[in-house]
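Q: I would like to learn how to read a few features of a protein model with a ligand. Can we take them in turn?

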Amino acid sequence: MNPTNLSRPQTAFVFDIITIFPGYFSSALKEGVLGKAAQAGLVKIRPVNLRDFTTDRHRTTDDRPYGGGAGMVMTPEPLVKAVSALKEENSKARVVLLSPRGKVFTHELAVKLSRLHHLILICGRYEGVDERVVEKVVDQEISIGDYVLSGGEPAALVVIDAVSRLLPGVLGCRESADSDSFSDGLLEHPHYTRPREFMGLSVPEVLLSGDHKRIAAWRRRQSLRLTLERRPDLLEKVDLQEEDRRFLKEIKNDAKAGRSG
Ligand code: JDK
């Protein structure tokens, strides 16, 4: 029934999400691998309504920027109160602000975060949060990439998803995290399933051969070819076998000679 029962940790990884849109997370976190992990008690994902930490009649969370300019800024008081309340449960929780100016989120950063036990994710809106929040309570600022979102919530979901699937027991044994793209630094080979022929396209013959050595070699070469074509930057960081280098040289020579495939 549960193949990972024996290695199940006693305490769940906790993600607290400070947001003015707690409802944003409800459907996403019920579905798929993350929903199952939550149900199994491996992760606890808790949206926290920032407005619960306001004290004024209108439950205000934003105000106009000092110095003028367009847009509003998240007011510091409710944010700091929310963090303090959550830190009372675990003073060691890591406080992360999602922000376009943060450190860019990568697989490597996901692995580092997955070694912790408790993240408090602050989701801003408008133009972002008052800088004093960053100075007083934020441990780390994270960006999920060089594009501008309208708030931190989708970025928080991305971080929660990527970190959760690295936790023991979250993925089934069949889909273990270390055979993922990026864990070996290359893009993945193409995948095929039934039917054997679809809209005039056949599954590559080698995948039907049952010859596991040939299949592994084909997949490796497809990975190398795709990575060279689409993400040559990744090849600089990855450590390649002699065989891999030989194959890449071959492709590059073929390209020079104007040969395809
Ligand atoms: C948190 C509010 C929206 C919009 C100003 C920034 C350069 C000036 C904030 N990876 C990633 N992308 N976007 C976010 C993110 C956006 C957020 C918040 C995270 C809170 N917003 C927003 C515009 C600006 N603008 C880019 C030009 C700042 C995370």
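Predicted model: local features only at pLDDT ≥ 70, side-chain atom pairs only at ≥ 80, totals over all residues.

Q: Which of the 17 residues around the ligand come nearest?

A: Ser143, Ile144, Gly145, Tyr147 and Leu149 come nearest of the 17.

Q: Which polar backbone atoms lie by a nitrogen atom of the ligand?

A: For a polar contact, look for a pair of N or O atoms within 3.5 Å. Here a nitrogen atom of the ligand lies 3.0 Å from a backbone N or O atom of Ile144. For Tyr147, a polar backbone atom is 2.7 Å from a ligand nitrogen. For Leu149, the distance from a backbone N or O atom to a nitrogen atom of the ligand is 3.1 Å.

Q: How are two packed helices described?

A: By the angle between their axes and by the distance between those axes. Take α6 (residues 212-230) and α8 (residues 242-256): they pack at about 55°, and their axes are 10 Å apart.

Q: Where does that put α6 and α8, oblique or parallel to each other?

A: Angles of 65 to 115 degrees count as roughly perpendicular and those under 35 as roughly parallel; α6 and α8 are therefore oblique to each other. The crossing of α6 past α8 is right-handed.

Q: Which residues of α6 and α8 meet?

A: From α6 come Arg220, Arg221, Leu224, Arg225 and Leu228; from α8 come Glu243, Asp244, Phe247, Leu248, Glu250, Ile251 and Lys252. This contact of α6 with α8 holds seven charged residues, five nonpolar and no polar.

Q: At what angle do α3 and α5 cross?

A: Helix α3 (residues 107-114) crosses helix α5 (residues 153-164) at roughly 70°, and their axes come within 9 Å. The two helices are therefore roughly perpendicular to each other. Ala110, Leu113 and Ser114 of α3 meet Val159, Ala162 and Val163 of α5. In the contact of α3 with α5, five residues are nonpolar, one is polar and none is charged.

Q: What should I look for in the backbone?

A: Most residues other than glycine have a negative phi, and most peptide bonds are trans. Tyr126 is not a glycine, yet its phi is positive, about 55°. Tyr126 sits in the loop between β6 (118-122) and α4 (131-137).

Q: Which residues does a cis peptide bond join?

A: Arg194 and Pro195, with omega about 5°. Pro195 is in the loop between α5 and β8 (197-198).

Terms used. Residues numbered from 1 in each chain as written. Heavy atoms only, no water. Axes fitted to C-alpha atoms, helices over the stretch in contact; angles between N-to-C directions. Helix = DSSP H or I, 4+ residues; strand = E, 2+ residues; numbered from the N terminus. Parallel < 35°, antiparallel > 145°, perpendicular 65-115°, else oblique. Left-handed = near helix turned anticlockwise from the far one by under 90°. Contact = heavy atoms within 4.5 Å. Nonpolar A, V, L, I, M, F, W, Y, C, P; charged D, E, K, R; others polar. Near = heavy atom within 4 Å. Polar contact = N/O pair within 3.5 Å; in protein donor to acceptor, adjacent residues only side chain to side chain.
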